[in-house]
Amino acid sequence: MQARNWLTALLLAALAAAAGPARAYQWVEAESPHFHVLARGTRVMLEQRLQKLEQLHHAMLLSLGVGEGQALNRPPFEMVLKDDENVVASFFPKLRDRASGVFILDEGGSLAISTAWLDQGRRDYTGMVLYHEYAHRVMYQYARIPYPRWYVEGFAEYFGATYMDTEAVELGAALLSAHVLNHERWVEAAQLLKPGKTAAGKDFDPLDSPTFYAQSWLLTHYMLADSARTQRFNDYFRRVAAGEDALAAFEPAVGIAVDKLNDELRGYRDKMYAARIPNSAFPKVELRVKPLPQAEAEAEFDRLVVFASPKAEVGKAALERLRAAVAKAGGDQAPERIRLALAYAEIRGGDLARAFEILSFWAQRDDAPFMANLQLGLAWQAEAEHLQGAERSQALDQARAFLVAAYKQRRNDAPTLYQLARVLLEGKGLSPSVINAADGAASYEPQVGAYALLAASVNVQAGHRDKALRPLQMLASNPHGGEGAERARAALQALQSNQDAAAIAALLSGSKKPTPP
């Protein structure tokens, strides 16, 4: 597996330290149209949280101009909610007492982890982690054009500050970190709109400024507070995406001179307000909530620990707990979910032969569940890495067969599509099936760098340079995209300067480093 690119979420230790409510908790699994949750808490708490998250999803789509009937069939957002102020430390011990939540991006998919307090009558700030990262996900999935970095982060901060109570959703609520605007120097508007060179000739990175997030939030708040203004900003985004200069296009599109923008925002801040939308204004959604036996829930939790940290000590400890859980539950007679959790952990960080032994129960069955088919595909893919010649080809054929079976069961699962594209590419070479699978993975989970880079790479190889632009633009606009975003930016520049496919492929793979400007 490739190295993980995960985003550490907002550090809210002081807020997460408050003691949780004394209630009878249980493990439950729940699914709504856009979320899939493993949680330990009360059923009422989880149902309330899911309804609120669906309301937030609806509000985000409205802000992005997505009307009725335009919603996309996207996979649910995977989440872990637990009544434990240090739930994050179960996955990343170094974050103990420092974070109430994290968001993980990996070639195996994405996962949000958060403390689950939902104490009625007080502001539940732990939701900020989920809301901020989920806003990124929705924006990237629905974006028709690339957005500037200030709007990428401003949109996420705007919705990250959302406050929800039993009666309403409060959009445009005050950002906790906005106080920095009172005592720190603001980023110049020209640099916010179009980061360039500093007076010393160095590249200016707005993320280095303590006010970047707060200014981005404030500018987004200003944009979304008035529908006509929102339309003007959207026109500005379209003009810049079409090739106009980000500074030259601003005043003609928005109606404000760039050098007057910060003054306009200061004045707006003195009179800004939040909008309270009653719950009755949002559509009610169907929820599927079921209690989980403790042993199965803990096995699934440990599987996710392995997903997040397969080589770390916490991942190794989770693997050992899963081995013990299967043995305690009767080995081959253990519940299916516990055995599949162990098989996954063995593939990621344990004994591959043991994974095959567990999965053999489903290998010849036509009614094998999705997770069994996916894991059989991953196991044969891992086996092929150690083989050569005809044996390697045979292993890849096996991987392909099981991944195709998994795809037929869950056609919008991005990790399945990504691994299927890789197996097809290595085993059969470039083909429309490879391109379709890679494009699907990047479309469903555009934040995952590995998916975007593969989709761009196969499209460039196929001569579809225009189709390579979208996944690269989405990844390149992510200020926290790390090395993957750097590769995407370099490949975009190479595409725009009409470099040959080999040079672009080298930049995408990382075998060629971008030339400094």
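Student: How much space lies in the second largest pocket?

Tutor: In this predicted model, about 1,100 Å³ of space lies in the second largest pocket. Its lining has 41 residues, and Glu78, Arg303, Phe370, Met371 and Arg410 are the closest to its centre.

Student: What makes Phe370 and Met371 lining residues of that pocket?

Tutor: A lining residue has an atom within 4 Å of a pocket point. Phe370 and Met371 are among the 41 residues that line the second largest pocket, so each has such an atom.

Student: Which helix gives the most to that lining?

Tutor: Helix H13, residues 336-349, with six residues. By class, the lining of the second largest pocket divides into 20 nonpolar, six polar and 15 charged residues.

Student: Why is H18 called roughly antiparallel to H19?

Tutor: Helix H18 (residues 432-444) and helix H19 (residues 449-461) pack at an angle of about 150°, with their axes 8 Å apart. Angles over 145 degrees count as roughly antiparallel, so H18 is roughly antiparallel to H19. Their crossing is left-handed.

Student: How do you know that Val434 and Ile435 belong to the contact of H18 with H19?

Tutor: Contact means heavy atoms within 4.5 Å. Val434 and Ile435 are among the H18 residues that meet H19, where the partners include Tyr451 and Leu454.

Student: And which classes make up that contact?

Tutor: The contact of H18 with H19 has ten nonpolar, one polar and one charged residues. Asp counts as charged, so Asp439 in H18 is the charged one.

Key: Residues are numbered from 1 along each chain as its sequence is written. This is a predicted model: local features need pLDDT of at least 70, side-chain atom pairs count only at pLDDT 80 or more; totals for chains, interfaces and linings use all residues. Side-chain values use heavy atoms; hydrogens and water are left out. On a 1 Å grid over the protein atoms alone, a cavity is a set of points where a 1.4 Å probe fits but cannot get out, and a pocket is an open set with protein on both sides within 12 Å along at least five of seven lines; lining residues have an atom within 4 Å of a point. Grid points are joined across faces, edges and corners, and a volume is the space filled by probe spheres set on the points. Helices (H or I, at least four residues) and strands (E, at least two) are DSSP runs, numbered from the N terminus. Axes are lines fitted to C-alpha atoms, for helices over the stretch in contact, and angles run from 0 to 180 degrees between N-to-C directions. Angles under 35 degrees count as roughly parallel, over 145 as roughly antiparallel, 65 to 115 as roughly perpendicular and the rest as oblique. A crossing is left-handed if the near helix is turned anticlockwise from the far one by less than a right angle, and right-handed if clockwise.
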